[in-house]
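Some terms used for protein structures rest on cut-offs.

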Amino acid sequence: MSLHPTLQPYADAWTHSIEAISELVQPLVEAEWNRRTPCPGWSVRDIVSHVLGRDSEMLGDPRPIHTLPRDLYHVTNDHQRYMEMQVDVRRHHTAPEMTSELEYMIIRRNRQLRNESRDPGTKVRGPLGTELTLQEAMRRHAFDVWVHEQDLRTALGRPGNLDSPGAHVARDVLLDALPAVVADRADAPRSSAVVFDVHGPVEFLRTIRVDIQGRGTLESSPALGPAATLTLDWETYVRLACGRVPLEAAKEGIKTEGDPDLAEAILRNFTVTP
């Protein structure tokens, strides 16, 4: 294996999630591919199409030449238009076409990962012509595929893998976004702290400290006398942070202490995925 050690966790997480997705969709009949998922505007077929599209781009395949319909209500910005292209081009594909493309893509991507010898810092092309490091591209993709695995599990009534390798990548990605949520978007008071106590298959206790300049930092040490404490389960945390559930529907699973206005502002700004 020539894969750099820092990339291996992301390769492992992707492999675990993509194989789970393949296992979930393999037995589906045609109608089940049209089931709605928690991902706004996307069916089971659309989720799998998105994953296929992103992996094909990571393989270096050209993007499809395709014109999107004008009536896609969930597509409102350039990022969403970019992502929707790979989805819409497959909307009329049959179940056998979808599963066979998925199987072939998994074979090709596994071969690519086995032969991957580039440095983690190598610049690669990202969505909309952006550039990011190979490490960040693999990290984001491992996160994305795990979240979409959870979308499929919700749609198909097959819960599981909330503590898989992808779940731990997701935890780190979502935690990295917390300082901006608390300090910038929720405008937490300067020289304050907010504690997040998350329980369930993935457990953690983290503090966001806001300094005198209003900058937020993530810490693993608990805070004495925090401005607010939010306690919730891991699945609710993920669904809220990824925009899969409205706050009103998630509130009964969230306990808050301290400043109620601050807690409300944090929860109102909790979604971090585009």
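Q: Why is Lys251 called partly exposed?
A: This is a predicted model, and in it Lys251 has 33% relative accessibility. Buried means under 20% and exposed means over 50%, with partly exposed in between. Lys251 therefore counts as partly exposed.

Q: Where is Lys251, and which residues does Lys251 contact, leaving aside its neighbours within four places in sequence?
A: Lys251 sits in the loop between α8 (247-250) and β7 (254-258). With those neighbours left aside, Lys251 is in contact with Glu264 and Arg268. The C-alpha atoms of Lys251 and Thr236 are 9.1 Å apart, and these two residues are separated by 15 residues along the chain.

Q: Why does Thr99 count as buried?
A: Thr99 has 10% relative accessibility. Buried means under 20%, so Thr99 counts as buried. Thr99 belongs to helix α4 (residues 95-114).

Q: What does Thr99 touch, leaving aside its neighbours within four places in sequence?
A: With those neighbours left aside, Thr99 is in contact with Val25, Gln26 and Trp33. A polar atom of the Thr99 side chain also lies 3.2 Å from the backbone oxygen of Pro96.

Q: Which residues make the contact of α6 and α7?
A: On the α6 side these are Ala167, Ala170, Arg171, Leu174, Leu175 and Leu178. On the α7 side they are Trp234, Tyr237, Val238 and Ala241.

Q: How do you know that helix α7 is mostly covered?
A: Helix α7 (residues 234-241) has eight residues, and six of them are buried. The buried ones are Trp234, Thr236, Tyr237, Val238, Leu240 and Ala241.

Q: What is found at the start of α7, and what follows α7?
A: At the start, a side-chain oxygen of Asp233 comes to within 3.1 Å of the backbone nitrogen of Glu235. After α7 comes Gly243, with a positive phi near 70°.

Q: Which residues have the most contacts inside the largest nonpolar core?
A: They are Trp234, Tyr237 and Ile266, in a core of 76 residues. Helix α5 (residues 134-156) gives the most to this core, with eleven residues. Not counting residues up to four places away in sequence, Ile266 touches Val181, Val182, Ala186, Val194, Phe196 and Leu230.

Q: Why are α1 and α5 called roughly parallel?
A: Helix α1 (residues 8-25) and α5 pack at an angle of about 25°, and their axes are 9 Å apart. Angles under 35 degrees count as roughly parallel, so the term applies to α1 and α5. Their crossing is left-handed. Among the residues in contact are Trp14, Ile18 and Ile21 of α1 and Met138, Val145 and Trp146 of α5.

Q: Which residues of helix α3 are buried, and what do they pack against?
A: In helix α3 (residues 78-88), the buried residues are Tyr82, Met83, Glu84, Met85, Gln86, Val87 and Asp88. They pack against α2 (44-58). At the start of α3, a side-chain oxygen of Asn77 reaches to within 3.2 Å of the backbone nitrogen of His79.

Notes
Residues are numbered from 1 along each chain as its sequence is written. This is a predicted model: local features need pLDDT of at least 70, side-chain atom pairs count only at pLDDT 80 or more; totals for chains, interfaces and linings use all residues. Side-chain values use heavy atoms; hydrogens and water are left out. A nonpolar core is a set of buried Ala, Val, Leu, Ile, Met, Phe, Trp, Tyr and Cys residues joined through side-chain atoms within 4.5 Å. Buried means under 20% relative accessible area, exposed over 50%, partly exposed in between (1.4 Å probe, protein chains only). Helices (H or I, at least four residues) and strands (E, at least two) are DSSP runs, numbered from the N terminus. Contact means heavy atoms within 4.5 Å. A polar contact is a pair of N or O atoms within 3.5 Å; within protein, one must be able to donate a hydrogen and the other to accept it, and residues adjacent in sequence count only if both atoms are side-chain atoms. Axes are lines fitted to C-alpha atoms, for helices over the stretch in contact, and angles run from 0 to 180 degrees between N-to-C directions. Angles under 35 degrees count as roughly parallel, over 145 as roughly antiparallel, 65 to 115 as roughly perpendicular and the rest as oblique. A crossing is left-handed if the near helix is turned anticlockwise from the far one by less than a right angle, and right-handed if clockwise.
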